[in-house]
Amino acid sequence: MKPKPGDPAPNFALPDQTGKIHSLTDYRGRWLLLYFYPKDDTPGCTKEACAFRDVYSEIRARNAEVLGVSVDSVKSHEKFATKYKLPFPLLADEKKEVVKAYGAWGTKKFMGRQYQGTHRISFLIAPDGTIARVYDSVKPDQHAEEVLRDLSQLQG
């Protein structure tokens, strides 16, 4: 079931594109945007990742970090991050445990067929580890700016 604003964020421990393990507790005391995306190096996912890349320094200036999560492999993330010079970690959830814990895994429809996959959904996690915002309908090319606006509002 998907966590709601005010809920504690589900814990995770996943490797990034270099093999380094990241967990929720590593980010305690900072804002964290955990964004789930369907697949490395696809048009929408590339737009979204590059939009975060382009405002990453502004996000960091607001005491916040960005973590992308998909069910792709560490090796796939490494290629994707290198190709687009992504400065933030991409976490490999190959066992689908974290996508399921955050309610980002489920039935999708494409060209008339149904299948199981990762939904494009994001969670802004407050420094105390609770969910501050849930982004259910993400527009890949506008999401980074939306997150910056919310960080500004939430931080006063």
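Figure 1. The model holds 1 cavity of 30 Å³ or more, where a cavity is a set of points, on a 1 Å grid over the protein atoms alone, at which a 1.4 Å probe fits but cannot get out. The volume of the largest cavity is about 40 Å³; a volume is the space filled by probe spheres set on the points, which are joined across faces, edges and corners. Its lining, meaning residues with an atom within 4 Å of a point, consists of Leu 24, Tyr 27, Arg 28, Arg 30, Leu 32, Ile 125, Ala 126, Pro 127 and Gly 129. By class, this lining has 6 nonpolar, 1 polar and 2 charged residues (Ala, Val, Leu, Ile, Met, Phe, Trp, Tyr, Cys and Pro count as nonpolar, Asp, Glu, Lys and Arg as charged, and the others, Gly among them, as polar). Residues are numbered from 1 along each chain as its sequence is written, and side-chain values use heavy atoms, leaving out hydrogens and water. As this is a predicted model, local features need pLDDT of at least 70 and side-chain atom pairs count only at pLDDT 80 or more, whereas totals for chains, interfaces and linings use all residues.

**Figure 2. The largest pocket and its lining.** A pocket is an open set of points with protein on both sides within 12 Å along at least five of seven lines, and the largest one has a volume of about 250 Å³. Among its lining residues are Pro 38, Lys 39, Trp 105, Phe 110 and Tyr 115. Strands S6 (105-110) and S7 (113-118) each supply at least two lining residues, and S7 gives the most, with 4. Strands (E, at least two residues) and helices (H or I, at least four) are DSSP runs numbered from the N terminus.

**Figure 3. Helix H1 and its bend.** Helix H1 (residues 43-61) has 19 residues and reaches 28 Å from its first C-alpha to its last. At Val 55, H1 bends by about 60°, the angle between axes fitted to the seven residues ending there and the seven starting there. The buried residues of H1 include Cys 45, Ala 49, Phe 52 and Tyr 56; buried means under 20% relative accessible area, exposed over 50% and partly exposed in between, with a 1.4 Å probe and protein chains only. Just after H1, Asn 63 takes a positive phi of about 60°.

**Figure 4. Two loop residues with positive phi.** Asp 41, in the loop between S3 and H1, has a phi near 60°. Lys 96 lies in the loop between strand S5 (90-92) and helix H3 (97-101), and its phi is near 65°.

Terms used:
Expected span 1.5 Å × (residues − 1).
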